[in-house]
Amino acid sequence: MPTKKPGGLVYLVDDDFAIRDSLSLFIESTGQAVKSFESAEQFLQAYDQEQPGCLLLDVRMPVMSGLDLQDVLLKNNIDIPIIFISGHAEVSDSAKAFRAGAVDFIEKPFDNLVLLERIEEALNKDIDTRTEYAEKLKLMHSIDQLTLREKEVLHLIVNNCSSKEVASVLGISSRTVEVHRAHIMEKTHSESITQLLIMIVRYDVVTHLAIRQPPTSDNGH
Amino acid sequence: MRHHSNKDIDVQQELALQFDQFESPSNHTVATDTDISQLSAQHIHELLRECQLNHTELERQYRELEQAKQELSVSHDDFAGLFNLSPVSYLSLNLHGVIQKANLSAATLMGCAVDDLVGVQFEQFVHPDDRENSRFFIDQLSKDCAYTSPCMYVECQGAINKDQICLAIHDVTEHKYAQETAACLNQKLAEMLRKQTVDLVVTNQTLIQKVVELNHSQRQILEREEKLQCIFNAAMEGIITIDNIGNIVSVNAAVKTIFGYTEQELIGCHITKLLPVSGIQSPKKTPHYLLQQQPAKFTASVREIEGLRKDGTKLPLELSSAEFSIDGVSYITGIVRDVSLRKLHERYDKEHLEELAHVTRLGLMGEMASGIAHEVNQPLTAVASYTQACLNFIDAETIDLQKLSDILRKANQQAIKAGQIIHRMREFVKTRTMQRANVDINNLIIDSMAMCAADLKYSNIIHRLELANNLPVVYIDDVQIEQVLLNLIRNSIDALKNLPEKAPRQLCIQTHVDPAKFVEVRVKDNGPGISQTEREKILTPFYSTKSSGMGMGLSISRSLVEAHDGALRFNSIPGKGATFYFTLPVMRTAYAD
């Protein structure tokens, strides 16, 4: 029994009462908060996007199936980790679910402890995602604080140009480039230019800098 | 009368002339042959004597002639009398048709004197219409032909004599009148005869018609008799006729095949030889006058009895009989059918059906396996979760026994539920013979729907049960009827899966009891329906519209329903859906239970 509980809420959507009831009891018994819903529609009405959590979703349900719900969430940019539970596993269903970003696909009957692990993983993933998202927002915000020239310099550095090359492309002195670099570091609260580069690539904010195309090899020296 | 005398004169002259010719040669010969001056006395004497002799002879001849003349005169008078008084009219014409001579009768006939007739053209006395005819007649006579003229009122008979035509004219007026009358009578007679003939012809035709009809009927009767004889002997069924004390009168060929006895061995024997507990009762003693010619009447409907073969073995028979009477004697004809083969087939069919039903049930279970696995998985998953939850709660610092007990009870229920599904599935696929019991059809429908719950859910089918309350129980083999229900439900599910994904899919099961004491179950869907071409084949074995499946489902379902004395039918509007319905009879015994 894991003792460390990640924060967050487990959403359970299954039309079968026995499954809903027993799983809720089990998840509660581990100290994990759980909210169960009889249908996808009920879930959509009650879902709070601010609340970290994960979704335990039955694949087949009347009216709106689990896969349908996954589709709706995707379209609404709701990136909650989904663990599908199915009593009727079909490869096509699981493939479809994974393609659409499901974190797991568990067949009934399952080992409850395994399920619990997966729930924890999913919850952690959601928390990570949320953290990363917050950091990304922070980074993007700080990049927005840069001047146009600073953005140009950063963009060229991201594209693997040395200070000399940057100076050459922008038609400024190497020294001036160094000054811009210092300002960039300061504004993005970065300890080193390498750390900043890692952050940019990780959060995929390169496009955020794309003001001018990096020089091609013909243009450069 | 003057004319008469003229005529006489003519006749006399004629006679005289002839007499002269007769007399003269002898006289002349004497005068020319002798010259007296040159003759002697002796000779003269001789001559004289000869003369004397001749004279005597002549005198004698003269006397004879005188006598003859007298006789002739008498005869002439007779002739004249006869001529004039003859009832036949005589006319003599010349070649130009001018009258030369006529007798008194002719004068009377012509209506004028004899003298007035002479020198007159005969044609004047002929009717203008007949003149041509008479001219032609006379011309013919001139050409030397005897002829009888067809004059209106006279009959002429004529002959040519030198340049004179002699006509004998008969007054045939009376004869003519008589003839006319006769002709008239003849005509009437002919008319009557004609009528009579027509009547007779009509009668004859009617008779001929009747004869033809009779022949036809006779032929028909013969044909029918032959046919009946043929049927009698060709019939698969034994036909036995017995008299009023139960003795066998006649049997057909099939009796030998069925019982093994020849005809000779049976005629005169009592019916109990063949049918020990005969259902054929001897005709009752009915008053004679009632038995004259009673039409055959059925004494009983078809029923099953036991027969006895020659070899002593018993055989099941179906018997129908009819009673009739001829000439005051009543008979019974019984028709017996050997149903041992059919009984055997029935048993084989039943066994076969049971086997087939079992095999198809296995197939059906195979098709439903994943759905049923899901049905079992659900409660098992719940049990696992409930028990794990209990374990977790037990590990907690404070143990809430009430809560644990509640959870365990739920787990228990779920385990039982899973067990029931497994049990029903095993019952369903078990080899078994038909076992009928009183069953509430509504419960059976609910159970069957539970088996399909997963499929219904996964296929997004909205299902509805419209089950009538207070249905009488039906006396059925529940597994077999459940098989029928599952088949129909699954067919509907498969049909509904063919609808576009977002189209509403509906399945409805209804039950009701109809006044004819049948419980009817309807399985209704709004799927694509059944096309006209599918309709004809859909209930036949090995026909399937699905890519998987043997095509036995509906065929076996129908056989199973029919084995329960019910019927399975369907209705469909292509594009709107299909309804399959089957009936199950409500047994009175089942009612009583």
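Trainee: So what span does helix H5 of chain A reach, and what would be expected at 1.5 Å a residue?
Mentor: Helix H5 (residues 112-144) has 33 residues and reaches 47 Å from its first C-alpha to its last, close to the 48 Å expected. The expected span is 1.5 Å times one less than the number of residues. Helices here are DSSP runs of H or I with at least four residues, strands are E runs of at least two, and both are numbered from the N terminus. Keep in mind that this is a predicted model, where local features need pLDDT of at least 70, side-chain atom pairs count only at pLDDT 80 or more, and totals for chains, interfaces and linings use all residues. Residues are numbered from 1 along each chain as its sequence is written, while chains are lettered from A and ligands numbered from 1 in the order in which they are written.

Trainee: At what angle do H7(A) and H8(A) cross?
Mentor: Roughly 110°, with the axes of helix H7 (residues 163-170) and helix H8 (residues 174-187) coming within 8 Å. H7(A) and H8(A) are therefore roughly perpendicular to each other. On that scale, under 35 degrees is roughly parallel, over 145 roughly antiparallel, 65 to 115 roughly perpendicular and the rest oblique. Axes are lines fitted to C-alpha atoms, for helices over the stretch in contact, and angles run from 0 to 180 degrees between N-to-C directions.

Trainee: Which residues make that contact?
Mentor: A:Ser163, A:Lys164, A:Val166 and A:Ala167 from H7(A), against A:Ser174, A:Val177 and A:Glu178 from H8(A). By class that comes to three nonpolar, two polar and two charged residues. Nonpolar covers Ala, Val, Leu, Ile, Met, Phe, Trp, Tyr, Cys and Pro, charged covers Asp, Glu, Lys and Arg, and the others, Gly among them, are polar.

Trainee: Switching to chain B. How many helices and strands?
Mentor: Chain B has 16 helices and 16 strands, and 26% of its 593 residues count as buried.

Trainee: What's the strand order in the five-stranded sheet?
Mentor: E11-E13-E14-E16-E15 of chain B, an open sheet with mixed pairing. Strands E11 (461-467) and E15 (568-573) of chain B are at the edges with a single partner strand each, so one side of each has no neighbour in the sheet. The twist averages 15° from one strand to the next.

Trainee: In which sense do E13(B) and E14(B) pair?
Mentor: Antiparallel, over eight bridges, between residues 505-514 and 518-525. Two strands pair if DSSP finds at least two bridges between them. B:Thr511 has B:Val521 of E14(B) as its bridge partner. E14(B) and E16(B) also pair in the antiparallel sense over eight bridges.

Trainee: Which helix lies across E11, E13, E14 and E16 of chain B?
Mentor: Helix H11 (residues 441-451) of chain B, running at about 170° to E11(B).

Trainee: Last topic: how many residues does each chain put into the contact between them?
Mentor: Chain B gives 23 and chain A gives 19. On the chain B side, H9(B) gives the most, with 16 residues. That side divides into 10 nonpolar, 10 polar and three charged residues.

Trainee: Is B:Phe393 buried or partly exposed?
Mentor: B:Phe393 counts as partly exposed because it has 19 C-beta neighbours inside 10 Å. B:Phe393 lies in helix H9 of chain B, and its contacts beyond four places in sequence include A:Ser29 and B:Leu404.

Definitions and conventions:
Contact = placed C-beta atoms within 7 Å. Buried ≥ 20, exposed ≤ 12 C-beta atoms within 10 Å, placed from the backbone.
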